[in-house]
Amino acid sequence: MNILMIGAHPDDCELRGSGLARKYVLDGHRVRFLSMTDGSGGHQTMKPEALKTRRRREAQAAAEVLGIEYVIWDVPDGSLQATVENREKLIREIRTFKPDAVFCHRTNDYHPDHRNCGLLVQDAAYLIIVPNFCPDTPAPRKNPVVFFYDDSFRNPEFCPDAVVAIDDVLEDKFRMLHEHTSQVYEWLPYTACKENEVPADEAARFIWLRGDPVTEETTDEIVLGDALQGYSRRFALPAAKYREKLIARYGEAGKKVRFAEAFQVSEYGTQPSPEELRTLIPY
Ligand SMILES: [Zn+2]
């Protein structure tokens, strides 16, 4: 299969879908991440031009860890809009890459780039098959299935259609995240007023990145606020939230899953049958 994961910034697909992405790659599928902006906004000291170059390099290093392809649009961070021009650009990407499934943000989200990313994908979801829209790129007969990444916004609530255990690829997810130095060790701690907590030494930083540990006892105790205590807890939150779905998917083994990623089918792409859903996300 061809899988296209779309995010607004270089690190969004990584945080929300890279466990699943890694599973696809290990299974021989082709995965591409697309960041709709250049990530040039988020830093407390670096200026946009230098930051843009650095984040491109970090994204490439993350791509190498995961074994995926990475595309970054030349749109300034914080300025993504759901224009017709961007809709055409996206439709060209989708028509040439021919994904079986496309992943994106939902449109209710705190960040305007995330909202507009979700809106652009949903605006494209039907027009992909319309030949007179963007006639320079041949239109396929069938729309891909569109999935939303999990988030914590509640109006409306996220309703997952697939919750995937990622315990077996969690280490890859951490190694990949470690490559996003300017984000996970600089900007994101700064936004949480925790920049002084980040160790200077690289090995110590990599341990710090995991944050508070998740044990068999704590897995289902984790609540939204705990996800701020490091990435282990953040990645454990979907397992705690959607435990029943994990048990429905994996049987008894679902009770032991500690880390998960969750995905909801958008109503605007192709609507998969339960069997098709299982083929698209077979893990
Ligand atoms: Zn983002």
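Trainee: Which way does α5 pass α7, right-handed or left-handed?
Mentor: α5 passes α7 in a right-handed crossing. Right-handed means the near helix is turned clockwise from the far one by less than a right angle, left-handed anticlockwise. Helices are DSSP runs of H or I with at least four residues, strands are E runs of at least two, and both are numbered from the N terminus.

Trainee: Which residues make the contact?
Mentor: F174, L177 and H178 of α5 and F206, L209 and R210 of α7. Contact means C-beta atoms, placed from the backbone, within 7 Å.

Trainee: Is this a predicted model, or what is it?
Mentor: It is a predicted model, where local features need pLDDT of at least 70, side-chain atom pairs count only at pLDDT 80 or more, and totals for chains, interfaces and linings use all residues. Residues are numbered from 1 along each chain as its sequence is written.

Trainee: New topic. Where is F148?
Mentor: F148 is in strand β5, residues 145-149.

Trainee: Buried or exposed?
Mentor: F148 is buried, with 24 other C-beta atoms within 10 Å. The cut-offs are 20 or more such atoms for buried, 12 or fewer for exposed, and partly exposed in between.

Trainee: What is F148 in contact with?
Mentor: Leaving aside neighbours within four places in sequence, F148 contacts C104, H105, R106, F263, Q264 and S266.

Trainee: And α1, how many of its residues are buried?
Mentor: 13 of the 15 residues of α1 are buried.

Trainee: What comes just after α1?
Mentor: G28, which takes a positive phi of about 90°.

Conventions: Contact = placed C-beta atoms within 7 Å.
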